[in-house]
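Please consult the sequence and structure shown below while reading.

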Amino acid sequence: MKKALITGITGQDGSYLAELLLSKGYEVHGVVRRSSNFNTQRINHLFADERIKDRTFFLHYGDLSDGGALSDLVAGLKPDELYNLGAQSHVKVSFEIPEYTLDINAGGAQRLLNAVVKHSPATRFYQASTSEMYGGVAAEMPAGGYDETCRFHPRSPYASSKVCAYWLTVNSREAYGLHASIGIQFNHESPRRGGTFVTRKITRWLGENAHYLAEGRVLNRLKLGNLDARRDWGHAQDYVEAMWLMLQQDKPGDYVVATGASHTVREFINECFRCKKIAVEWRGSGAGEQCLLGGTIPCIEVDPRYFRPAEVDTLLGNAVKARKVLGWKPSHTFESLVESMLKAEEYRFGGAGEGL
C-alpha cells in the first residue's frame with residue numbers, strides 16, 4: 001500500500017486529493033494546524049467512509065512554519081508521495097501580510113524539501129504553483145496562453161512567494177536528484193472553494209438571494225472588485241488528478257494545468273444568472289458599473305476596496321504538455337463548473353440542490 005502525506009489537506013484541493021488517493025488504495029496522512037475551532041469540514045465525511053474503516057486515513061498536527069515538526073513527520077512516515085498544497089493563498093490578503101505569506105509559501109516548501117532530502121530522499125514530491133506567477137500582463141501573454149517556457153512576472157507577494165517556492169523546488173531536484181514535480185495550476189474552483197474567493201463569493205451570494213431574486217427583490221447587494229479580470233477557470237477535481245499523474249511519471253517535471261479557455265468575472269456572473277434563468281443587465285463602467293435585476297434594481301456593484309494594488313489582467317493556460325505527457329484532460333466545462341457550484345449553494349441554503 002502506497003503512503004501519501006498532504007499539507008493543506010483541509011483545503012479545497014487537499015480534500016479532493018485525499019478522496020482520490022483513498023479511492024486508489026493509498027494510506028493517506030494529512031497535516032492540520034491546531035485551531036480552537038474545527039476546520040476539517042471538507043474532510044469530515046472521509047472518517048465515515050466505508051473504504052477507510054481499516055484505518056488508512058490519518059491527521060497530524062503541524063504547521064509549515066515549524067520545520068522541526070515537519071522533519072519529524074517525514075522521518076517517521078517516509079511517505080512514497082508528498083503533496084505540498086498548504087499555503088497562504090489569498091492574493092489580496094498577501095499585500096497586507098507579505099512576510100507571513102513568504103514564510104509559509106516559500107519557507108514552508110523549503111522546510112519540507114529539507115526534510116525529504118535528510119530523511120526520505122526516495123519520496124516523490126509535488127509542489128503546488130500558480131498561474132499568478134506569470135503576472136497576467138496582457139501584452140506579455142502568448143496567443144495560445146502561458147506554458148512552461150514563459151517567464152514569470154509576479155504582481156503580488158503571493159505570486160512572488162510562489163515563484164520562490166518554484167525555484168527552491170527546482171534547485172532541490174537538480175542538487176539532490178529528488179523526484180520533485182511542479183504543477184503550475186491555473187484558477188480551479190469547486191463547491192468547496194473558500195468563501196473569500198470571488199467565484200464562491202458570487203455563488204454564495206446567489207444562493208442566499210435566490211428566493212428574493214426570483215421575486216424581483218434583493219436581500220443584500222454583492223460588492224466586487226475588477227469585473228474585467230479574465231481567468232482560466234477549471235474544476236479542482238480535475239486538477240488534483242493532474243497532481244497525482246505527475247508523481248506517477250518515471251521522471252519529474254513541471255506542468256501547466258489549465259483548461260485553455262478564459263472568462264471575465266462578469267462572464268462568470270452572467271453564467272450564474274443564466275443557470276438560474278434570471279434576467280439582468282449591466283450599466284455604467286469602472287467603479288460606477290452595476291448589475292441590474294430586471295433592468296431596474298441594482299444587485300451587484302463595484303467596490304474599489306477590492307481592487308488589487310497591482311492588477312492581473314488576464315490568465316490563460318496552455319496545457320499541451322500535460323495533455324501529451326500525462327494523458328490529462330479536464331472533464332468539467334466552464335458551464336458545468338458553475339452549475340455544480342450553484343447546486344451546492346442550493347443545498348446549503350435549504351433548497352433541493354446537491355451537496356459537496
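Arg-266 lies over the face of Trp-282, at 5.7 Å from the ring centre. A charge is taken to sit over a ring if NZ of Lys or CZ of Arg is within 6 Å of the ring centre and within 35 degrees of the ring normal. This is a predicted model, in which local features need pLDDT of at least 70 and side-chain atom pairs count only at pLDDT 80 or more, while totals for chains, interfaces and linings use all residues. Residues are numbered from 1 along each chain as its sequence is written, and side-chain values use heavy atoms, with hydrogens and water left out.

**Charges over rings**
- A further case is Arg-193, placed over the face of Phe-197 at 3.9 Å from the ring centre.

**Aromatic pairs**
- Rings of Phe, Tyr and Trp (its six-membered ring) pair if their centres lie within 6.5 Å; planes under 30 degrees apart count as stacked, over 60 as edge-to-face and the rest as tilted.
- By this rule the count comes to eleven aromatic pairs.
- Phe-152 and Tyr-166 form an edge-to-face pair, because their ring centres are 5.0 Å apart and their planes stand at 85 degrees.
- This pair links distant parts of the chain, 14 residues apart: Phe-152 is in the loop between β5 (124-130) and α5 (157-176), and Tyr-166 is in helix α5. Helices (H or I, at least four residues) and strands (E, at least two) are DSSP runs, numbered from the N terminus.
- Both Phe-152 and Tyr-166 are buried, where buried means under 20% relative accessible area, exposed over 50% and partly exposed in between (1.4 Å probe, protein chains only).
- Tyr-239 and Trp-328 are also edge-to-face, at 5.8 Å centre to centre and 85 degrees between the planes.
- Tyr-239 belongs to helix α7 (residues 236-246) and Trp-328 to the loop between α9 (320-326) and α10, 89 residues apart; both residues are buried.
- A cluster linked by ring pairs consists of Tyr-134, Tyr-146, Phe-152, Tyr-166, Trp-167 and Phe-186.

**Helix packing**
- The axes of α8 (residues 265-276) and α10 (residues 334-348) come within 10 Å and cross at roughly 60 degrees. Axes are lines fitted to C-alpha atoms, for helices over the stretch in contact, and angles run from 0 to 180 degrees between N-to-C directions.
- The α8 and α10 crossing is right-handed; a crossing is right-handed if the near helix is turned clockwise from the far one by less than a right angle, and left-handed if anticlockwise.
- Contact (heavy atoms within 4.5 Å) involves residues including Phe-268 and Cys-272 of α8 and Val-338 and Leu-342 of α10.
- Helix α6 (residues 198-214) packs with α8 at an angle of about 35 degrees, the axes being 11 Å apart, and this crossing is right-handed as well.
- Among the residues making the contact of α6 with α8 are Ile-202 and Leu-206 of α6 and Phe-268 and Cys-272 of α8.

**Burial of α7**
- Helix α7 is largely enclosed by the rest of the structure, because nine of its eleven residues are buried.
- The buried residues of α7 include Tyr-239, Met-243 and Trp-244.

- Lys-78, in the loop between α2 (67-77) and β4 (81-84), has a positive phi near 45 degrees and is partly exposed at 48% relative accessibility.
- Lys-277, in the loop between α8 and β13 (280-283), has a positive phi of about 55 degrees and is exposed, with a relative accessible area of 76%.
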